[in-house]
Amino acid sequence: LKAPMPGLVLNVLVTDGQPVSKGDSILVLEAIKMENIIKAPADDTVKKVAVAKGDKVEKNQVMITMG
């Protein structure tokens, strides 16, 4: 999953190896003073979490690898 916009990671709600279902909240990203909840696009397993709470991300930066 890539960052849809530049922002600040407020919270990571999943861990490596965790199974997720489509629509599950997996990350909270703050951008333009709004909290955006990033949801799982499909039923899958979190392979690697590449960001942590407090990290700044750029648009299209990989935040979570699924698979």
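Two strands pair if DSSP finds at least two bridges between them. Strands (E, at least two residues) are DSSP runs, numbered from the N terminus.

**Entry 1: ground rules.** I am working on a predicted model, where local features need pLDDT of at least 70, side-chain atom pairs count only at pLDDT 80 or more, and totals for chains, interfaces and linings use all residues. Residues are numbered from 1 along each chain as its sequence is written, and side-chain values use heavy atoms, with hydrogens and water left out.

**Entry 2: the sheet.** I looked up the strand order. I found an open sheet of three strands, β2-β5-β7, paired antiparallel. β2 (19-20) and β7 (64-66) are the edge strands; each has a single partner, so one side of each lacks a neighbour in the sheet.

**Entry 3: the pairings.** I took β5 (residues 44-49) against β7 next. Three bridges join these antiparallel strands. V49 stands opposite I64 in β7. K48 has T65 of β7 as its bridge partner. I then turned to β2 and β5. This antiparallel pair has two bridges.

**Entry 4: N36.** Which strand holds N36? I placed N36 in β4 (residues 34-39). Is N36 buried or exposed? N36 is buried, at a relative accessible area of 18%; the cut-offs are under 20% for buried, over 50% for exposed and partly exposed in between, with a 1.4 Å probe and protein chains only.

I checked the neighbours of N36 too. Leaving out residues up to four places away in sequence, N36 touches M5, L27, V28, L29 and A31; contact means heavy atoms within 4.5 Å. A polar side-chain atom of N36 lies 3.4 Å from the backbone oxygen of M34.

Notes:
Helices (H or I, at least four residues) and strands (E, at least two) are DSSP runs, numbered from the N terminus. A polar contact is a pair of N or O atoms within 3.5 Å; within protein, one must be able to donate a hydrogen and the other to accept it, and residues adjacent in sequence count only if both atoms are side-chain atoms.
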